[in-house]
Amino acid sequence: MAKRMLIENALDFIKNSNIGIHAVSPEGIIKYANEHELNVLGYTEEEYVGHHVSEFQFDKSCLEQMMNKLAKFESFSNFPAMVNGKHEMKYILYNSSVYESQGEFIHTRCFGNEISESVYNACKLEYKKSLANRG
């Protein structure tokens, strides 16, 4: 029953989810964003979809780290980012992986939750610690 529900309602499930969902091409172009993501950031679909992600990421080194991981088909979890919302800075915790077909990067599967600035700072510190522990 659950499998049938997901197949029949997958588009509705994604579109109406209360978590931000977007897909980005290998070139960094936003191909899709659900209503929740658009609402959190304050953009219309026309202002966001079809644009390069660098227009919205405040910290270009953060964007570079995310895109480098994805280019190597590496997923990431709980990656804190500062995003330029239409009216104010937003703090987002991202989880992303690559949808690929026959070894070709088709688009990302990115999920984001808005977090507070204090949670962002704590997550950023924790993320840096995890990177240091890998080396």
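The legends below describe close-up views of a predicted model.

**Figure 1. Overall fold of the predicted protein.** The protein contains five helices and five strands, and along the sequence these run in the pattern α-β-β-α-α-α-β-β-β-α. Its radius of gyration is 15 Å, close to the 14 Å that the globule rule gives for 135 residues, so the protein is as compact as a globular protein of that length. Along the principal axes, the C-alpha atoms fill a box of roughly 45 × 40 × 30 Å. Of the 135 residues, 36% count as buried. Among contacts between residues at least 6 apart in sequence, 42% join residues at least 24 apart.

**Figure 2. The largest pocket and its lining.** The volume of this pocket is about 180 Å³. Helix 1 (2-15), strand 1 (20-24) and strand 5 (104-115) each supply at least two lining residues. Strand 5 gives the most, with five residues. Residues that line the pocket include Leu11, Ile14, Ile21, Tyr32, Cys110 and Phe111, and also Lys15 and Arg109. By class, the lining divides into seven nonpolar, three polar and two charged residues.

**Figure 3. Surroundings of His22, one of the residues lining the largest pocket.** His22 lies in strand 1. With a relative accessible area of 7%, His22 falls under the 20% limit and is therefore buried. The side chains of His22 and Glu37 make a polar contact at 2.8 Å. Leaving aside neighbours within four places in sequence, His22 is in contact with Tyr32, Ala33, Glu37, Tyr48, Tyr94, Thr108, Arg109 and Cys110. Among these partners, Tyr32, Thr108, Arg109 and Cys110 also line the largest pocket.

Conventions: Residues are numbered from 1 along each chain as its sequence is written. This is a predicted model: local features need pLDDT of at least 70, side-chain atom pairs count only at pLDDT 80 or more; totals for chains, interfaces and linings use all residues. Side-chain values use heavy atoms; hydrogens and water are left out. On a 1 Å grid over the protein atoms alone, a cavity is a set of points where a 1.4 Å probe fits but cannot get out, and a pocket is an open set with protein on both sides within 12 Å along at least five of seven lines; lining residues have an atom within 4 Å of a point. Grid points are joined across faces, edges and corners, and a volume is the space filled by probe spheres set on the points. Helices (H or I, at least four residues) and strands (E, at least two) are DSSP runs, numbered from the N terminus. Ala, Val, Leu, Ile, Met, Phe, Trp, Tyr, Cys and Pro count as nonpolar, Asp, Glu, Lys and Arg as charged, and the others, Gly among them, as polar. Buried means under 20% relative accessible area, exposed over 50%, partly exposed in between (1.4 Å probe, protein chains only). A polar contact is a pair of N or O atoms within 3.5 Å; within protein, one must be able to donate a hydrogen and the other to accept it, and residues adjacent in sequence count only if both atoms are side-chain atoms. Contact means heavy atoms within 4.5 Å. The radius of gyration is taken over C-alpha atoms; the globule rule is 2.2 Å times the number of residues to the power 0.38.
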